[in-house]
Amino acid sequence: MSFGFSSYILSEPLLRTDLSRWMKLDGWIKTGLLIRFRVESENPIHSQNYNFMAYDAQFLSTSLSFHSLYKSVPQGFRQSKGLILLLVNSRINRNKHTGIFMEMQGNGSPTTSNQSTINIPHVLTVAGSDSGAGAGIQADLKACAARGVYCSTVITAVTAQNTAGVQGVNVVPEDFVAEQMKSVLSDMHVDVVKTGMLPSIGIVKILHQHLREYPVRALVVDPVMVSTSGDVLAGPSVLAGFREELLPMANIITPNLKEASALLDGVKIKTVSDMRSAAKLLHDKGARNVLVKGGDLPDSLDAVDIFFDGEHLYELRSSRIKTRNTHGTGCTLASCIAAELAKGASMLEAVKVAKCFVETALDYSKEIFIGNGPQGPFDHLMKLKSNAHNSGRQVRFNPSDLFLYAVTDSGMNRRWGHSISDAVKAAVQGGATIVQLREKDIETRDFVEAAKSCLQICRAHGVPLLINDRIDVALACDADGVHIGQSDMPAHTARALLGPEKIIGVSCKTPEQAEQAWIAGADYIGCGGVYPTNTKANNLTVGLDGLKTVCLASKLPVVAIGGIKVSNARPVMEIGVPNLKGVAVVSAIFDSECVLTETRKLHAVLTEATAAVK
Ligand SMILES: Cc1ncc(COP(=O)(O)OP(=O)(O)O)c(N)n1
Ligand SMILES: Cc1ncsc1CCOP(=O)(O)O
């Protein structure tokens, strides 16, 4: 889908404009029109995706006026800056859309071009560099990348820093900070500016001037003064700069308890009730929204933050993650708020998403160990563990793992009174070389839990664990990969979501499907049913010949599936095509009281058959 965004001034003449003046409808656009309408105000809280309208073909064949759309926008916003996105369905293919790029000309009439452009949400961070990359500019870049937002940088200071603390600070000369700011702001469309370490009053003033010259939608101020290791990063003169120059411009300020206290002339903040008062006092000093972070609050089981928007006080609680890896949480939270605002979220939404993101990343990163000091960094992109060489899973897919592929079935496990993890354990002990959780009637939460415990079992045996169909579950439990069918998520999308390291298997019954799976980046294909099966309803049987045809055409290793058991596995292995690497079975091992014994028996047959073929 391609589409175009453009800013323009919302005005009645524009909205009255006949659509056919904007774009060439050319006969082929007949099935409908979707209009997504975004109203923006200086205060992002009032910005919202205002309307999503669908018009059908009759409208388009005559003239379409936007009068009704205009009427539905509240009076106060009719002169606001707006964005419009047009999605026009193709008559030929309902799923295909085209976009129109529009801009207002001086005379008030919009022009269009066929060129599709997408405005990328953009945060500029003005902060210090952390050589250990846990906090500062580096954390901001990672947080924005994780939230899908572009991030440009103005570096105010270079710190020599690691997990033990700050060893040195080199402040960037003020005129060079100004030069960086000008370079970015004069060239790029920045939605939101986020500030971190501002080491001198001069830099605060430079920022202030540039924001007046190049206004942005929102300013997020993280008033960094003392690092988490206790090192001072901004002196008392900067404090005055924060109070006088930045607070009145800030759409949100995110102090921790120490910073809130410093901004309020040393007032004591020791309880949630003190935090509430501090939030109100900081609001009185000019910040439009205040988030007082209670991470350092003594004796609290939860992480409690107080958010005040000038009207309502919100107590935002999340679970306190016990971890050494908290370096950079403040920078990350503020950047994540900035990123969400840049995407168009309201302030409260942005704060909630940011808190949730930090909590999830901290939880994910509990076991990572980088540096030897007391406070380590965490993994914003939540990818490091899956790439770690010591994670227990082999670095890349090994086709010989397909030798005895155990595919679970909840119905069979229920019938025999086996839990998923007990069944998987028995299969792995019996010689299964790869496991797939194929759980069709399980609640997502239970699926994730079961997958996590199966993963421990499989990792302990060096056996990969794949998830059938559910990319989300595979991601949630960091499984080794997925197996998907022809009507599931396309393999190339699964690859984009899972990254290059995960294993992806695709079910294929024809050479064409095998070719497509290879193009899409799959690692192996599952081909069947080789024999008739009761496990999968309405499954076409391709037979040994069909299997051979697909194997010969496939550039990927193949595993055979469907009705395979001890009594008929041998002819499958004997079709004599080198890329047939093994068999995948459900009932042969799981529809039995003793999964371990059945798996052992099948393993022995496969081993014999392979030896005979060689
Ligand atoms: C190894 C292997 N091969 C094929 C399949 C079938 O997958 P799919 O086509 O997605 O059908 P369902 O399993 O979802 O019914 C498989 N699961 N494993
Ligand atoms: C999931 C699947 N896909 C093709 S056949 C099949 C079922 C295999 O089960 P069984 O090994 O019990 O025949």
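Of the 614 residues in the protein, 52% are buried, where buried stands for under 20% relative accessible area, exposed for over 50% and partly exposed for what lies in between, with a 1.4 Å probe and protein chains only. This is a predicted model, in which local features need pLDDT of at least 70, side-chain atom pairs count only at pLDDT 80 or more, and totals for chains, interfaces and linings use all residues. Residues are numbered from 1 along each chain as its sequence is written, chains are lettered from A and ligands numbered from 1 in the order in which they are written, and side-chain values use heavy atoms, with hydrogens and water left out.

## The protein as a whole

The secondary structure comprises 23 helices and 24 strands; these are DSSP runs (H or I of at least four residues for helices, E of at least two for strands), numbered from the N terminus. The accessible surface of the protein is about 27300 Å², and carbon and sulfur atoms hold 53% of it; such areas come from the Shrake-Rupley method with a 1.4 Å probe, and for residues only the protein chains shown count as cover. Among contacts (heavy atoms within 4.5 Å) between residues at least 6 apart in sequence, 66% join residues at least 24 apart.

Helix H12, residues 347–364, has 18 residues and spans 26 Å from its first C-alpha to its last, close to the 26 Å expected at 1.5 Å a residue, the expected span being 1.5 Å times one less than the number of residues. The buried residues of H12 include Met347, Phe357 and Tyr364.

## Two buried residues

Lysine 194 belongs to strand S11, residues 192–195, and is buried, with a relative accessible area of 0%. Its side chain makes a polar contact with the side chain of aspartate 140 at 2.9 Å; a polar contact is a pair of N or O atoms within 3.5 Å, where within protein one must be able to donate a hydrogen and the other to accept it, and residues adjacent in sequence count only if both atoms are side-chain atoms.

Alanine 423 lies in helix H15, residues 420–430, and is also buried, with a relative accessible area of 1%. Leaving aside residues up to four places away in sequence, alanine 423 touches Asn413, His418, Phe590 and Val595. The C-alpha atoms of alanine 423 and isoleucine 589 are 9.3 Å apart, although 166 residues separate the two along the chain.

## The two ligands

A residue is near a ligand if one of its heavy atoms lies within 4 Å of it. Ligand 1 is surrounded by 16 residues, of which Gln436, Arg438, Lys440, Ser507 and Lys536 are the closest, while the residues around ligand 2 include Arg438, Thr533, Lys536 and Ser587.

| Ligand | Residue | Distance |
|---|---|---|
| Ligand 1 | aspartate 488 | 3.2 Å |
| Ligand 1 | serine 507 | 2.8 Å |
| Ligand 1 | lysine 536 | 2.8 Å |
| Ligand 2 | threonine 535 | 2.5 Å |
| Ligand 2 | serine 587 | 2.6 Å |

Taken alone, ligand 1 exposes 420 Å², and the protein buries 90% of that; for ligand 2, the protein covers 93% of the 370 Å² that the ligand has on its own. The shell around ligand 1 divides into five nonpolar, six polar and five charged residues, and the shell around ligand 2 has three nonpolar, six polar and two charged residues.

Methods. Ala, Val, Leu, Ile, Met, Phe, Trp, Tyr, Cys and Pro count as nonpolar, Asp, Glu, Lys and Arg as charged, and the others, Gly among them, as polar.
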